[in-house]
Amino acid sequence: MQTLVLPDAMAVAAAAAADVPSRTQTLPRRVSVSMARAPRRESDPKKRVVITGMGVVSVFGNDVGAYYDRLLAGSSGVGLIDRFDASGFSTRFAAQIRGFSCEGHIDDESDRRLDDCQRYALVAARKALASAGLAIGSRAMYKIDKERAGVVVGSGIGGATAFTAGAEDLMRKGPRGISPCTIPFAMPNAASALVSIDAGIGFLGPNYSISTACATSNHCLHSAADQIRLGRADVMVAGGAEAAVAPVCLGGFAALRALSRRNEDPGAASRPWDRDRDGFVLGEGAGILVMESLEHARRRGAPIFAEYLGGSATCDAHHLMDARPDGRGAAACIRRSLEDAGVAPEEVNYVNAHATSSLAGDLAEVKALKQVFKNPSQIKMNATKSMIGHCLGAAGGLEAIATVKAITTGWVHPTINQFNPEPAVGEFDTVRGVKQLHEVHVGISNSFGFGGHNSVAVFAPFKPISW
């Protein structure tokens with residue numbers, strides 16, 4: 001198996017893309033969906049975007065099937081931190097990845113220099129490509145037009161450990177003691193660049209990184225899909241990676257009083273929509289999807305797991321850290337994503353919620369959903385973060401994969417730790433405690449982040465016929 005060999009010097013520029021919200025249109029009141037003109041979905045196979053591959057690095061391992069099995073079982077990946085001495089922190093636990101290995105994917109010398117953020121991205125990207133039938137060194141990969149293949153992999157923070165090491169070198173050794181690897185491996189765009197630089201991938205098409213805090217991954221998926229829809233690419237590798245279980249990140253979020261402090265019971269700490277929630281649990285990992293035009297996927301006989309129907313990105317324009325309490329920005333993002341997807345709100349019957357266990361954010365999201373969906377009782381809504389914590393810039397990628405797996409398996413995973421649910425969420429079926437059989441017609445995955453960034457991705461089972 002080929003392994004990644006890094007060049008001696010690299011300087012890659014990152015570009016950010018963001019959508020601007022527009023006024024949405026809704027169906028007139030008292031007009032039934034059956035009588036109203038149905039939204040039009042994309043029918044051109046050159047513009048229809050399908051999911052042909054998925055790859056994860058998670059607290060539950062690096063296999064998509066095993067990852068979803070653990071979610072369906074309602075397992076908690078949260079435990080005490082042992083990567084560094086956390087005894088002096090107010091929060092001493094996280095959904096920390098243990099036993100991760102790059103063997104067979106990255107050579108030893110490069111592995112010693114990389115930050116975990118890039119390691120996670122590279123392994124997840126390779127696994128996603130392999131599941132798409134584009135394994136490194138395969139004939140199918142050789143046939144790909146590399147100039148029409150790109151990468152959009154983002155990170156909310158980037159190489160936190162690499163940056164911290166540089167700062168420590170500066171303090172201990174002075175300016176001459178700083179490693180030349182500090183800046184390249186601290187850059188948020190390094191993961192996206194390295195996926196293309198990988199000798200076995202070498203995609204020459206669009207490549208950039210988006211960093212919109214916890215909205216990052218969905219924003220990357222939406223932007224990657226647009227590259228295909230605009231005819232600029234045939235295949236895109238997209239998602240997010242994060243390695244924030246590090247002292248500076250733990251301490252920073254603790255200083256904001258954003259983290260749960262249930263040090264005596266870490267497995268029950270991430271409890272979305274529970275009245276006794278006291279903050280989120282820090283997580284890490286990578287979730288990467290291979291997105292292709294339907295025409296390109298059919299031409300090469302690719303597996304098709306689901307269809308990406310559309311997405312959107314908006315801003316609350318309210319506060320740097322706090323969600324807008326009335327949910328207006330998030331609601332606009334959900335509405336606009338459905339418009340982009342050609343989907344009526346009544347068609348959606350599954351929501352993979354952002355639901356971090358934030359005191360204000362959980363309720364703001366519920367308010368937003370109620371503004372869009374008039375009959376929430378028809379919707380199954382769950383929270384992946386209840387088990388894997390909040391993976392920040394990688395959260396949307398990991399949750400998009402959970403959404404696609406719900407579509408392909410017919411099972412939605414439970415939301416654990418709902419001991420005393422908020423009354424506001426009572427209208428939704430939040431899949432308390434135990435997985436449920438559910439045929440997903442249309443599913444949405446929500447991601448909202450610091451800065452008031454909102455992003456939503458819309459998925460559905462793939463249907464070969466056009467609408």
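What covers the buried residues of helix 12? I began my notes with this, working from a predicted model.

**Entry 1: helix 12**

I looked up the cover of helix 12 and found that it includes helix 11 (328-341), strand 9 (350-352), strand 10 (380-382) and strand 13 (443-449). I then listed the residues of helix 12 that are buried: Asp362, Ala364, Glu365, Val366, Ala368, Leu369 and Val372. I also checked the length of the helix. Helix 12 has 12 residues (361-372), and at 1.5 Å a residue these should span 16 Å; the end C-alpha atoms are 17 Å apart, so the two values agree.

As a reminder to myself, strands of a sheet pair through backbone hydrogen bonds, either parallel or antiparallel.

For a parallel case I took strand 4 (residues 149-154) and strand 6 (residues 235-242), which pair over 6 bridges. In this pair, Ala149 stands opposite Val235 of strand 6.

Strand 1 is joined to strand 7 (residues 285-293) by 8 bridges, and the two run antiparallel. Gly53 has Val290 as its bridge partner in strand 7. With strand 8, strand 1 pairs in the antiparallel sense over 3 bridges, and there Ile51 has Ala306 as its bridge partner.

Is strand 1 mostly covered or mostly open? I found it mostly covered, with 9 of its 9 residues buried.

**Entry 2: salt bridges**

How many salt bridges does the structure hold? The count is 22. I looked at several of them.

Glu307 and Arg48 meet through their side chains in a salt bridge, 2.8 Å from N to O.

Arg98 and Asp82 form another salt bridge, at 3.3 Å from N to O. This pair links distant parts of the chain, 16 residues apart: Arg98 is in the loop between strand 3 (93-94) and helix 2 (108-113), and Asp82 is in the loop between strand 2 (79-80) and strand 3. Are these two buried or exposed? Arg98 counts as partly exposed because its relative accessibility is 41%. Asp82 has 53% and therefore counts as exposed, the cut-off for exposed being over 50%.

I also checked a pair within one helix. Arg229 forms a salt bridge with Asp226, with the closest N and O atoms 3.8 Å apart. Both lie in helix 8 (residues 216-229), 3 residues apart, about one turn of the helix. An α-helix has 3.6 residues a turn, so residues three or four places apart point the same way. Arg229 has a relative accessible area of 18% and is buried, while Asp226 counts as partly exposed at 23%. The two fall on either side of the cut-off, because buried means under 20%.

One more item is a network: salt bridges link Asp111, Asp116 and Arg119.

**Entry 3: a surface patch**

Which residues make the nonpolar surface patch of about 360 Å²? I found Leu256, Leu320, Met321 and Phe450. I followed up Met321, which lies in the loop between strand 8 (306-315) and helix 11. Its relative accessibility is 34%, so Met321 counts as partly exposed.

**Entry 4: Ala190**

What is Ala190 in contact with, leaving aside its neighbours within four places in sequence? The contacts are Gln118 and Pro184. I also took the spacing from Ala190 to Ser155: 9.2 Å in space, C-alpha to C-alpha, and 35 residues apart in sequence.

How values were computed
Residues are numbered from 1 along each chain as its sequence is written. This is a predicted model: local features need pLDDT of at least 70, side-chain atom pairs count only at pLDDT 80 or more; totals for chains, interfaces and linings use all residues. Side-chain values use heavy atoms; hydrogens and water are left out. Helices (H or I, at least four residues) and strands (E, at least two) are DSSP runs, numbered from the N terminus. The expected span of a helix is 1.5 Å times one less than its number of residues. Buried means under 20% relative accessible area, exposed over 50%, partly exposed in between (1.4 Å probe, protein chains only). Contact means heavy atoms within 4.5 Å. Patches are made of residues with over 30% relative accessible area and no salt bridge: like charges are joined within 9 Å, nonpolar side chains (Val, Leu, Ile, Met, Phe, Trp, Tyr) within 5 Å. Accessible areas come from the Shrake-Rupley method with a 1.4 Å probe; for residues, only the protein chains shown count as cover. A salt bridge is a side-chain nitrogen of Lys or Arg within 4 Å of a carboxyl oxygen of Asp or Glu. Two strands pair if DSSP finds at least two bridges between them.
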